[in-house]
Amino acid sequence: MPPTRYDSEIDGEGGTIRVPDAKAGRLKPAFFQAAKTFWPEEESPSIGFRELLNELGFALRRKVATRVETRQISAPLAPLRKVVLGDEVSRVLLAEYAAHQMSERGTEETGWVLLGVRRADEAIVLATIPAGTGRVADEGHVKFDSDVQAFASRVVRQGHKQLTMLGVVHTHPGSLRHPSSGDYRGDIRWVANQKGQQGVFGIGTVDATPDGKAGISWNPAPNVQCLGKLCFSWYVLGAGDRNYRPLAVELSIGPDLGSCLRPIWNELETHAARLNRLAQRLNGVTFEIVPGQQQPTLTMTVPIGEDDKAIRVEMEGKAVRYRLLTPDGTLAADFHEDRVDVGVYLMLSELAAR
Ligand SMILES: [Zn+2]
């Protein structure tokens with residue numbers, strides 16, 4: 001199980017948790033725009049600023065990082081020395097954190113699961129998955145929606161089997177730029193089962209003092225990125241460690257492979273638990289996000305192993321449609337069933353009776 005519960009005891013204990021000084025601050029709407037700007041050259045050793053600008057004109061819409069993350073990963077794992085964020089990952093974290101701050105639940109903690117690849121002493125983050133609206137959170141802790149996390153990870157990893165869960169980012173309402181003792185108790189159990197027995201942990205705070213370079217991020221320390229008043233502080237924790245170590249953060253060109261989920265996030269949350277169960281029980285189930293009748297649509301395809309037929313379920317807004325795909329064409333099922341697992345089993349039953 002991932003470390004999904006955070007900060008039940010945010011105060012820390014016994015001096016084992018470092019609490020840096022920082023000023024509290026509030027967020028302004030301008031950060032929606034600011035979150036889309038770039039890292040300056042002196043603060044992003046992995047790519048030059050001019051090179052980044054040239055690249056961004058067209059690179060963000062193509063699958064640059066497909067190249068990155070399909071590369072053969074063969075070097076043995078070493079203790080983590082840095083976390084590398086795809087630039088889209090970094091932007092998504094900042095933009096969604098800014099949006100969260102201005103939402104009705106802005107005073108609560110929130111978070112993201114990080115998927116990516118381990119390579120030698122690096123963790124390369126290539127996908128973010130939000131905690132989900134089903135999270136249980138207040139000002140002191142956040143517990144992620146595990147059904148949503150599991151299903152979202154399944155969809156993202158469907159075409160990228162090498163992605164593993166690298167760690168978790170979560171936010172703190174004040175200026176504690178370090179995981180709390182409550183965080184530690186959950187994280188230390190989780191990292192023992194991770195690849196390399198280490199995990200990456202990011203802490204988001206809204207406590208930076210903007211330095212006047214509007215729209216440009218800066219790194220007050222190698223493990224801290226700030227943009228406006230938003231800050232993400234990065235740490236690594238290994239099995240047996242008594243405390244987190246600061247983890248240097250770098251930026252590289254790359255996608256957020258989880259961004260495709262955002263347009264169908266409501267549908268994903270509505271059906272995640274039932275879709276998870278179906279995917280566990282039936283062979284060859286696949287999911288896609290496709291253009292629908294009105295909006296992006298989550299689809300599930302279940303091969304039924306005869307004459308290349310398959311059941312297709314389309315989840316678009318509140319609608320759930322069932323179809324039978326055959327080599328001769330597509331047949332629409334004439335029943336309504338919002339519970340997708342029930343609907344699929346109804347179709348399988350109908351087909352078996354023929
Ligand atoms: Zn925490």
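Predicted model: local features only at pLDDT ≥ 70, side-chain atom pairs only at ≥ 80, totals over all residues.
## Elements and overall make-up

Among the contacts with a separation of 6 or more, 71% are accounted for by residues 24 or more positions apart.

## The open sheet E14 to E18

Five strands make up an open sheet, in the order E14-E15-E16-E17-E18 and with antiparallel pairing. Its edge strands, each of which pairs on one side only, are E14 (286-291) and E18 (329-332), and from one strand to the next the twist averages 30°.

Within this sheet, E14 and E15 are joined in the antiparallel sense over 6 bridges, and Val290 stands opposite Thr297 in E15.

## Thr299 in strand E15

Thr299 has its place in strand E15, which spans residues 296-303. Is this residue buried, exposed or partly exposed? Because 19 other C-beta atoms lie within 10 Å of its own, Thr299 is partly exposed, given that a residue counts as buried at 20 or more such atoms and as exposed at 12 or fewer.

Not counting residues up to four places away in sequence, Thr299 touches Phe287, Glu288, Val290, Arg312, Val313 and Glu314. The C-alpha atom of Thr299 is separated by 8.2 Å from that of Thr286, a residue 13 positions apart from Thr299 along the chain. As a general point, the side chains of a regular strand alternate between the two faces of the sheet.

## The hairpin of E9 and E10

Elsewhere in the chain, strand E9 (residues 218-221) and strand E10 (residues 224-227) pair in the antiparallel sense over 2 bridges, and Ala221 stands opposite Val224 in E10. These two strands, E9 and E10, form a hairpin with 2 residues between them.

## The crossing of H5 and H7

The axes of helix H5 (residues 146-158) and helix H7 (residues 265-281) come within 8 Å and cross at roughly 70°. Since angles of 65 to 115 degrees count as roughly perpendicular, H5 and H7 are therefore roughly perpendicular to each other, and their crossing is left-handed.

On the side of H5, the contact is made by Asp147, Val148, Ala150, Phe151, Ala152 and Arg154, and on the side of H7 by Leu268, Glu269, Ala272, Ala273, Leu275, Asn276 and Ala279. Taken by class, the contact of H5 with H7 has 9 nonpolar, 1 polar and 3 charged residues.

Notes: Residues numbered from 1 in each chain as written. Axes fitted to C-alpha atoms, helices over the stretch in contact; angles between N-to-C directions. Helix = DSSP H or I, 4+ residues; strand = E, 2+ residues; numbered from the N terminus. Parallel < 35°, antiparallel > 145°, perpendicular 65-115°, else oblique. Left-handed = near helix turned anticlockwise from the far one by under 90°. Contact = placed C-beta atoms within 7 Å. Nonpolar A, V, L, I, M, F, W, Y, C, P; charged D, E, K, R; others polar. Pairing = 2+ DSSP bridges.
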